[in-house]
Amino acid sequence: MSALIDYTLHLADNTLILGQRNAEWCGHGPVLEQDIAITNISLDLIGQARSFYQYAAELKADGSTEDSLAYLRTERDFKNCLLVEQPNGDWAQTMLRQFLFSCYQFFLYQQLQHHTDTRVAAIAEKSLKEVRYHLRWSSEWVIRLGDGTEESHNRMLKAIDELWRYTGELFIPVAYETETGIKFTSLKEAGLNNIRIVFNEATLPVPENVYMQTGGKTGVHTEHLGFILTELQYVQRAYPGSEW
Amino acid sequence: MKSSTIDKKALYTYLEEIKDPEVPVLSIIDLGIVRDIQLNDDELEVTITPTYTGCPAMDMIAAAIRVELSTLGFKKINIINSISPAWTTDWMSEEGKRKLKEYGIAPPNPKQQACSDRLFAPDEAVQCPLCNSFHTHRVSEFGSTACKALYQCDDCKEPFDYFKCH
């Protein structure tokens with residue numbers, strides 16, 4: 001049971017933190033339509049986070065709520081992967097982060113929709129429809145920028161250099177993932193294969209022999225997460241129990 | 001009116017009164033959000049499903065259902081939020097599609113015609129709700145709410161929302 005709670009929180013934290021990061025673009029997108037697009041994706045991700053937090057709260061059955069889990073835990077309790085907490089950088093970096101994560105989510109949720117836990121399976125099945133859309137949209141952006149101008153191509157190269165080191169941890173199961181039944185080998189294979197197809201179209205190289213950072217899934221984060229939580233949790237910390 | 005004299009079919013008619021707060025021309029029945037109603041004496045169980053996981057209207061809709069049904073005299077109203085099977089635009093009623101078009105929003109195309117995974121796939125042929133032309137183009141895959149995309153008509157030049165297939 002405790003492994004299932006931790007895993008559900010991991011899924012929730014992944015989507016909450018990336019949703020929060022994407023929301024930072026609100027009002028700052030390069031053009032209005034893309035500002036709307038990235039915040040729409042943010043909303044989808046936060047919706048998925050709510051579903052997972054609600055379930056985690058029910059499993060914990062200790063008075064936790066979806067809100068207390070999102071607003072009142074500290075960095076070391078958060079189990080999101082390192083990739084989602086990385087800064088937005090420029091549009092290229094945000095697009096690459098979204099693409100890498102959507103690609104991972106797409107193949108992960110395809111497995112999770114057949115999970116033995118029916119609630120996790122239902123959330124995955126529902127979310128997969130949204131993720132499919134995010135993946136297509138972010139893939140097109142990676143191609144548009146990679147195979148665009150010299151400037152946009154160089155920015156994508158810089159983004160890959162910045163983010164690739166955080167992709168390894170996605171495919172290395174931690175203790176609470178070992179009983180999930182996820183086939184990590186085929187997950188990695190499918191994910192990398194899709195990345196290769198898109199990078200090839202985008203005239204971008206798939207990095208090899210990169211040292212991979214790990215730790216996010218067990219609460220050892222980069223310095224960025226603390227700043228995200230400071231902003232995300234401010235109101236509940238300053239005015240405990242406040243409501244809309 | 002007494003709750004004991006109401007049958008299931010009548011309840012659907014009452015729920016027709018509840019509109020989607022984001023698209024007020026559509027009722028929650030038109031949208032296919034209400035999946036089931038179970039009636040046992042004075043106890044009522046209504047199963048609803050969200051269009052998108054982040055749909056901010058779900059809490060409002062659940063509250064509106066509660067208010068509407070309690071005025072009919074039901075004391076115990078249980079609202080179940082179910083996400084499987086996942087909502088699809090194919091559950092939208094024909095009546096709903098007609099109302100959407102009249103309101104100026106292009107209704108969703110049938111799912112088998114659209115929802116392609118292919119990258120840079122050609123835009124879906126979406127009919128302009130104003131002049132009925134098929135000469136339209138997609139401005140953005142994302143619109144003012146999660147369920148819509150932005151289009152523009154190349155003939156009458158009108159920009160419009162398309163309730164995208166999901």
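Visitor: Where in chain B does Pro85(B) lie?

Guide: Pro85(B) sits in the loop between strand E3 (76-81) and helix H4 (94-103) of chain B, where helices (H or I, at least four residues) and strands (E, at least two) are DSSP runs numbered from the N terminus. Before we go on, note that this is a predicted model, in which local features need pLDDT of at least 70, side-chain atom pairs count only at pLDDT 80 or more, and totals for chains, interfaces and linings use all residues. Residues are numbered from 1 along each chain as its sequence is written, while chains are lettered from A and ligands numbered from 1 in the order in which they are written.

Visitor: How do you know what confidence the predictor has in chain B?

Guide: The value to read is pLDDT, the predictor's confidence in each residue, from 0 to 100. Chain B averages 89, and 93% of its residues score at least 70. For the complex, the predictor gives an ipTM of 0.86 and a pTM of 0.93.

Visitor: Why is Leu45(A) called buried?

Guide: A residue is buried if 20 or more other C-beta atoms, placed from the backbone, lie within 10 Å of its own, exposed if 12 or fewer, and partly exposed in between. Leu45(A) has 31 C-beta neighbours inside 10 Å, and therefore counts as buried. Its place is in helix H2 of chain A, and, leaving aside residues up to four places away in sequence, Leu45(A) touches Thr15(A), Leu18(A), Gly19(A) and Asn22(A). Contact here is judged by C-beta atoms, placed from the backbone, that lie within 7 Å. Of the 244 residues of chain A, 43% count as buried.

Visitor: Why is Phe120(B) called exposed?

Guide: Phe120(B) has 10 other C-beta atoms within 10 Å, so it is exposed. Phe120(B) is found in the loop between strand E4 (105-106) and strand E5 (136-140) of chain B, and its phi is near 50 degrees, a positive value in a residue other than glycine.

Visitor: What is the phi of Lys157(B), and is this residue buried or exposed?

Guide: Lys157(B) is not a glycine, yet its phi is positive, at about 70 degrees. With 10 C-beta neighbours inside 10 Å, Lys157(B) counts as exposed, and its place is in the loop between strand E6 (148-153) and strand E7 (159-163) of chain B.

Visitor: What makes chain A as compact as a globular protein of its length?

Guide: Chain A has nine helices and zero strands. The radius of gyration is taken over C-alpha atoms, and the globule rule is 2.2 Å times the number of residues to the power 0.38. For the 244 residues of chain A the rule gives 18 Å, and the radius of gyration is 17 Å, close to that value, so chain A is as compact as a globular protein of that length. The C-alpha atoms of chain A fill a box of roughly 55 × 40 × 30 Å, taken along the principal axes.

Visitor: How many residues does the largest nonpolar core have?

Guide: A nonpolar core is a set of buried Ala, Val, Leu, Ile, Met, Phe, Trp, Tyr and Cys residues joined through C-beta atoms within 7 Å. The largest has 99 residues, and those with the most contacts inside it are Leu96(A), Val142(A) and Met156(A). Helix H5 (residues 91-112) of chain A gives the most to this core, with 13 residues.

Visitor: Why is this core said to lie between domain 1 and domain 2 of chain B?

Guide: Both domain 1 (3-81) and domain 2 (92-163) of chain B give residues to this core, so it lies between them; the bounds come from an automatic or database domain assignment. The C-alpha centres of these two domains of chain B lie 28 Å apart, and 11 residues of domain 1 are in contact with 11 residues of domain 2.

Visitor: How many residues of chain A are in contact with chain B?

Guide: In chain A, 23 residues are in contact with 18 residues of chain B. The largest share of this side of chain A, 13 residues, comes from H6(A).

Terms used. Contact = placed C-beta atoms within 7 Å.
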